[in-house]
Amino acid sequence: MFCFVVFLLLAIAVKGQQHINTIHATLNDETKEISIRQKFIYFNGSDSKLNELYFNDWNHAYSGKNTSLAKRFGDYFRKSLHLAKEKERGFTKNISLVGSEYQAIKWDRYKYKDIIKVHLDKPLAPGDSIELFWTYTVKLPSSKFTDYGYGYENGYYLKDWYLTPAVYNYEWHLYPNTDLNDQYTEIANTQINLIFPDSLEVASNFNTGVVSRFPNGQSVVLKDANRKNCTVFLTEEKGFVQHNTPSFNVLTDIKGERYSELAQGFSIVRITDFITQNLGDFQQDHLLVSEADYNRNPLYGINQLPRFIRPYSQQFQFELKFLKTALYSFVRETLFLNVRKEQWVHDAIVNYLLIKYVDQFYPGKKLIGQLSKIWGVRGYNLAKMGFNDQYYYLQMASVRRNDHQALSTPNDSLTRFNQKIANRYKAGLGLAYLAEFIGYDKLDESLKEFYLENRGQPKLTANILKEKLRSKTKLDILWFFDEYVALRNNIDFKITKVSKQTDSIHFSIKNRTGSNVPISVFGLQKDSVISKYWYTNIDSIRSYRIPNNGETRLVLNYDQKIPEVNQGNNWKSVNGFLSSNKKLQLRFLQDVENPFYNQVFYVPEFKFNVNDGISAGISLKNKPLLIRKPFVYQIKPRFSSKEEALIGSASFSYQKFFNEGKLNSITYGLSGGTSFFDTNSRFTTITPAVGFNWRPVDFVSNRRKFLLFRLRNVFRNFDASIIDQNDTEPDFTVFNVRYGDVDNNILNFKRWVFDGQVAGDFTKVSFEWEQRTLFNNNRQLNLRLFAGKFITNTSDSDFFSFALDRPTDYLFDLPYLDRSINASGLSSQQFILAEGGFKSIFDDRFGSDWILTGNLSFNIWQWVELYGDIGLIGDRGESSRFFYDYGVRLNLVTDFFELYFPIYSNNGYEIAQPNYGERIRFVVTVSPQTLIGLFTRKWF
C-alpha cells in the first residue's frame, strides 16, 4: 500500500505519465444501480492539442434497441436485448461533469450511444493534464445478456462498468460495445472505494483491501497501478480461492469435478510455471482466472460434450480449461494492444502456448481421448487424430466454406465462427508454422523478450512483435505478416515432375493458389524421414535438385505444420512405379477427412411421407465431418414400404470459390430423384444446374444474393384408375431462372425473388417480396407480396396454373407430406408458404393467367399473431376473382413450426363451420439438415 501511495504522489507531482482515476461507488441492491463519484486526471501524452476527449460508457450499450450491441445480437439471431423489459436493461443516467473550479463542462453522446464526447473549454496541450469530476448513476443490465450485470451467481459481475478514457494515438480510437470483450482504453492508476451489500463476497482483478463491515453494508478499496479495467465479482458464496504459487499468485473460481483441491493446486503451480517460463512473471498482485471468462471462450470441440462422456482424465480437462483462461487473462492484463484491430496477436500467443503445453506434458494425446481405444472406433481417422490436430481441422472448416477471413480483420468484422474459433486457431498455427521455419528456440526467445519488453506499455502494436521476430533470424519472414496475417489467401502446393539421377533427385513444386509462403519438402525412405528442405518464393512453379540419399518418396508438408487447404496432392514416388491413385476407404456414418484416400461414407436413412410410406435405405456420400469438399456427391437409394418399390435420389455438385470480390462461388450440379406422388404413380426428375452466389464485403452481414439456372426434366407414370392422363401433363421440361436477394436478419428480414420459367406449353414469370420487421414496441409485422403472370399458356389443365394455396408443385420442389391430387387427412393440412400463400382452402384456387396476393401478420402477444391474406386471381378470358381470409397464427419458430387457425374468409365464418379441425393448417420441418441450420446459422 505504501508503495502504491508513493507512486500516485510521484505521478501527480510530475504531472504524471499516467492518468489518475479515483472512484467512490455505492451499489444499491434493490434498484441494481451504482451511484458513482469519479475524479479523473487526464494527462495528454500525445504530440497533439486535444479539443475534446472521449470516454467509453459501455454499460449504456444495454440501454436500447438501436445500439451497436443490440444490432450485433440481431446478426447472431438473438432477440433478447430487443425484447428486454426496462428493468433488465443497463444504462447510465444523471450524468454531471465539472472541472477543477467546479465549472460545468459540456458533454454529449457520440454517434455510438455508449461513447461520451467531452467538449473542452480550451485545447489541452501536449504534456498538460485536466481534472474532470464526474457524478452519474449506472443501472446494471441483467446478466442474461452477456453474463455482465446483476443476477450472475445470484450476485453481480461488474465489467466495463464505469467511464474510462478512449485512446488517442494520432487519432481517436472509438469502438462501441459489441460483446467482444475488447474495450480499448487508456491505462491508469485507479483506486475504487466500493460500498456493497453485506450479504455478498467480493473478488477482483485489482489489489483488494480489507473488507470493512457496517450495518447493512460493507466497503472495500480496490486499487492498482498501470491497469485498464477493474473487474469485480460480488457473489453469495465465496467461490474464489487464492493460490500463491512460486511464479505468481492466482485468484480463481475454476474447479475440477472429481479432481481434488490438492491436485488442482499442483496443476495450477505447473501452469503458472509454464506461463512464466514462456512469457515472464506477472507484475500485479494476482491474476484473476474466472469461470465466467472460460464460459465466454471455452475449449470448443469434443469438450462441449456432456460431462459424463468426456473421454479425458480430470487432470487434463482441468489443466486445459485453466490454462486457456489464464493465458487470455494474462495477455489482456499486460499486453495493451488495440484488440479490436489486432486481436490476432493475443490469439497467436495463447493458442501457440496451448499447443506447446499439450506437446510438452501430454505427448500423444488423442483428440477423442479414451474413445480412440474402443473397438469399432479406433479404426477411424478421427480416433487417430492428435489433440492438437483440431487446430488445423476446425479452422479449415471456415476455409472450405470460403468464409475464412484474414487474421488482420478487425474483431467486430469477423463472423462468429471465425471470431470464436477459426481465426484464433489459425493464429496459433501460424506461430507454430513460423517456428518450424526459423526454429522453435528463436521463436520462443522472441515471444518472451517481446513480452518482457512491452508488458504494461500503452499503445502496443503488432509491428513491434514483427520487428522482434525479424531481429532473431536472418531468414526473410515478411511473408508471415504480409501474407499469412494480412491476406485471406489459401495455401496449396503440389509436387510434380519427379526424376531420379544417380547422385541427385529433380522435382518441381507448383503453387496452386499464389500465396507466397515457405513450403517444406521431406524425403522418405519407406516410412522414415531421412531429409528435409525448405523452399521459398515459389510464385507459380519452380524446379529443384537435391542429393540422392536413397529417398523413395518426396512429400510436401509431411508433418502437417503448414495449414494447407488441400493435403491430398503432396507426395510423389521417386522411383516412378508407385501409383499415386488414392485407395477407396469406406466408413460407417462419418469421419474426418483423410487426404490420402477416396472416402465414401454410408449412413442408414429413413424417411416418411404419405405417398411412399416409411422408406428405408442408405446414403452414400463423400462429405466428411465439418469441412466441405469442392466436389460433393450423395446417392440415396431407398425402398418404399407402401409401394414396395425402389425410390431415391442422387446429386453431384462442384463448387468453385472466389477469394476476391463479392462473387462468393459458382456451383455446377446434376441431380435426380424418383418417388411416388400417388398410388402406383411415380415421378422422376433429372436436373442440370448452375448457380452463382454473392455475399457482401461485410462477412458479418447475413445478406446473400443468388442466381440459378436449371433445366428441370420431369417424367411421370400414372395409374389410369386414379388419374385421368388427359387432364394432366405428361413428361415435360422446364427451363428455370431464379434471381434473389435475401437479408436473413432476425430483427429486419428482407427477401425478394424473381422467377422465370419456359416450357413447351407455357412461359411465366413471378415476383415474390417478403419483409419481417421487429419494431421498437416489440410488435413484429410480417408482409409478403406475390405476383405472377403467364406470357403464354396453351395447357388445358390447371397443372401449371398459379394457386392461392397448395400449388400443384409440378417441379417437385416443395416438401409435401402428401402429394396426392385428392389428399385428405392431417397431411393435407400442411401449409407451405408458396405462390398465393393463403391459409384458407378454396375450391377455385387456381388461375391460368395471373395472380396478385398479399399476406400480412402481426403479433398481439409474444408468438400469438393475427394474419390476413388478400388477393386477385384470373383465368384466361375471364374476369378476375377476389379472395380474402384472416385468422390466428401461432408463430412458435418462424419457418420451422407454426399453426394457423382460420376465422373468416370467402367461405364465411370458418370457426363456426363443421369439421373445423380439418381447416387448421400447420408448418413443420422434419429435415435434419434444415433443423441443424436453425442452430448453426448464428455461427457463419
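**Close-up views: aromatic pairs and cavities**

**View 1. Y148 sits among the buried residues.** Y148 has a relative accessible area of 7%, so it counts as buried (under 20%; exposed is over 50% and partly exposed lies in between, with a 1.4 Å probe and protein chains only). Y157 is buried too, at 1%. This is a predicted model, in which local features need pLDDT of at least 70 and side-chain atom pairs count only at pLDDT 80 or more, while totals for chains, interfaces and linings use all residues. Residues are numbered from 1 along each chain as its sequence is written, and side-chain values use heavy atoms, with hydrogens and water left out.

View 2. Rings of Phe, Tyr and Trp (its six-membered ring) pair if their centres lie within 6.5 Å; planes under 30 degrees apart count as stacked, over 60 as edge-to-face and the rest as tilted. Y148 and Y157 make an edge-to-face pair, 4.9 Å centre to centre with 75° between the planes. For F786 and F802, the ring centres are 6.3 Å apart and the planes stand at 70°, so this pair is edge-to-face as well. It links distant parts of the chain, 16 residues apart: F786 belongs to strand β40 (residues 780-793) and F802 to strand β41 (residues 802-803); strands are DSSP runs of E of at least two residues, and helices are runs of H or I of at least four, numbered from the N terminus. F786 is buried at 5% relative accessibility, and F802 is buried at 1%.

**View 3. The charged end of R772 sits over the ring of F749, 4.0 Å from its centre**. Here NZ of Lys or CZ of Arg must be within 6 Å of the ring centre and within 35 degrees of the ring normal. R716 likewise lies over the face of F677, 4.5 Å from the ring centre.

**View 4. The largest cavity has a volume of about 600 Å³**. A cavity is a set of points, on a 1 Å grid over the protein atoms alone, where a 1.4 Å probe fits but cannot get out; lining residues have an atom within 4 Å of a point. Grid points are joined across faces, edges and corners, and the volume is the space filled by probe spheres set on the points. Of its 33 lining residues, K159, N181, D182, Y328 and R332 are the closest to the centre. Helix α5 (314-334) gives the most to this lining, with six residues.

Note on methods
On a 1 Å grid over the protein atoms alone, a cavity is a set of points where a 1.4 Å probe fits but cannot get out, and a pocket is an open set with protein on both sides within 12 Å along at least five of seven lines; lining residues have an atom within 4 Å of a point.
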